[in-house]
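Biologist: Hi! Could you walk me through this one while I have it open?

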Amino acid sequence: MTLTRCFSNLSRWIVIGIVALVLLGCANEPRTSTRFELTAEYVCGNNLRQIAQAKRYWIVDNPNGPYPHPDFFIGPGLYLPAMPKCPSGGTYNPGGRYSAARCSFHGTRSDVRKAQREADSQQFGE
Ligand SMILES: [Zn+2]
């Protein structure tokens, strides 16, 4: 076996070793769904923000209008083109003129923010 061939074999094993370590590291990630749920919460919080914003715009344009039914401000050509989908399968209730939009799974946007703050303080010990 020549020196260069030996070296290329060695470097191949190093690469295989690094890949194996990376894969093992992924396999050892905690199996809790915290990461996914944080992302789902984030997406849901953003959806709630969009719904609330569409409702607010409709209310500004219809200050003396009826109860803000989602059909008035969510739909093609309206303030929000379509009702967003909660990644955790919750359904959205846009709420009334003075109440917050709510997800049946995550709650209101302030619930989402509170849960994220709690998760952050658990993760980073703040
Ligand atoms: Zn949700």
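Biologist: Before we go on, what are the ground rules for numbering and confidence?

Modeller: Residues count from 1 along each chain as its sequence is written. Since the model is predicted, local features need pLDDT of at least 70 and side-chain atom pairs count only at pLDDT 80 or more, while totals for chains, interfaces and linings use all residues.

Biologist: What's the average pLDDT of the protein chain?

Modeller: It averages 86, and 83% of the residues score at least 70; pLDDT is the predictor's confidence in each residue, from 0 to 100.

Biologist: What pattern does the chain follow along the sequence?

Modeller: It reads α-α-α-β-β-β-α, with four helices and three strands.

Biologist: Now the core. Which residues make up the largest nonpolar one?

Modeller: There are 12 in all, including C44, L48, W58, F73, Y92, C103 and V112. Such a core is a set of buried Ala, Val, Leu, Ile, Met, Phe, Trp, Tyr and Cys residues joined through C-beta atoms within 7 Å. Buried means 20 or more other C-beta atoms within 10 Å of a residue's own, exposed means 12 or fewer, and partly exposed lies in between, with C-beta atoms placed from the backbone.

Biologist: Which helix gives the most to this core?

Modeller: Helix α2 (residues 34-61), with five residues.

Biologist: And what does L48 touch?

Modeller: Leaving out residues up to four places away in sequence, L48 touches A101, C103, T108, R109 and V112. Contact means that the C-beta atoms, placed from the backbone, lie within 7 Å.

Biologist: Staying in α2, is Q50 buried or partly exposed?

Modeller: Q50, in helix α2, is partly exposed, because 17 other C-beta atoms lie within 10 Å. Beyond its neighbours within four places in sequence, Q50 contacts L80 and P84.

Biologist: Where is G95, and what is it in contact with?

Modeller: G95 lies in the loop between β1 and β2. Setting aside neighbours within four places in sequence, G95 is in contact with A100, A101 and R102. G95 and H69 are 26 residues apart in sequence, with their C-alpha atoms 8.4 Å apart.

Biologist: Last one: how far does helix α4 reach from its first C-alpha to its last?

Modeller: Helix α4 (residues 109-124) spans 22 Å over 16 residues, close to the 22 Å expected, which is 1.5 Å times one less than the number of residues. Just after α4, G125 takes a positive phi of about 65 degrees.

Note on methods:
Helix = DSSP H or I, 4+ residues; strand = E, 2+ residues; numbered from the N terminus. Contact = placed C-beta atoms within 7 Å.
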